[in-house]
Amino acid sequence: MTESELAKASVEIDHGKTQFWPTAESISSQERVTVGGAVGFAYHITGAMSGTTKVDLDAYILFQDKTELFLNCQWIPADKTQVLGGCEAVKSSLVIA
């Protein structure tokens with residue numbers, strides 16, 4: 001993905017974030033990230049509903065060549081440490097072939 005394509009995706013994703021997470025109490029500002037060689041954006045979302053359960057989550061929207069990947073790490077407060085540990089393991093081992 002070129003820088004201009006990434007810039008366009010950035011605007012589109014940022015404008016659509018409330019559609020992605022309509023029940024969220026708050027959505028962080030977009031952060032540019034690189035994960036496993038893929039570039040993209042990360043958000044931290046608090047107070048989103050998953051069914052009838054309120055959750056927090058870190059969402060990663062990543063691009064490499066023609067591949068788009070969405071990684072969603074979501075937790076309830078009691079499981080935060082375990083889920084974030086698992087999310088870091090996935091991010092550190094991610095390879096898009």
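In this predicted model, a search of the whole structure finds four salt bridges.

| Salt bridge | N to O distance |
|---|---|
| R32 and E3 | 2.9 Å |
| K54 and E25 | 2.5 Å |
| E88 and K91 | 2.9 Å |

**Pairs between separate parts of the chain**

R32 and E3 are joined through their side chains. R32 is partly exposed, at 46% relative accessibility, whereas E3 counts as exposed, at 53%.

The side chains of K54 and E25 form another salt bridge, at 2.5 Å. This pair also links distant parts of the chain, 29 residues apart: K54 is in strand β4 (residues 53-64), and E25 is assigned to the loop between α1 and β1. K54 has a relative accessible area of 46% and is partly exposed; E25, at 55% relative accessibility, counts as exposed.

**A pair within one helix**

E88 and K91 meet in a salt bridge and both lie in helix α2 (residues 80-93). Because they are three residues apart in that helix, about one helical turn separates them. E88 is partly exposed, at 44% relative accessibility. K91 has a relative accessible area of 16%, so this residue falls under the 20% cut-off and is buried.

Methods:
Residues are numbered from 1 along each chain as its sequence is written. This is a predicted model: local features need pLDDT of at least 70, side-chain atom pairs count only at pLDDT 80 or more; totals for chains, interfaces and linings use all residues. Side-chain values use heavy atoms; hydrogens and water are left out. Buried means under 20% relative accessible area, exposed over 50%, partly exposed in between (1.4 Å probe, protein chains only). Helices (H or I, at least four residues) and strands (E, at least two) are DSSP runs, numbered from the N terminus.
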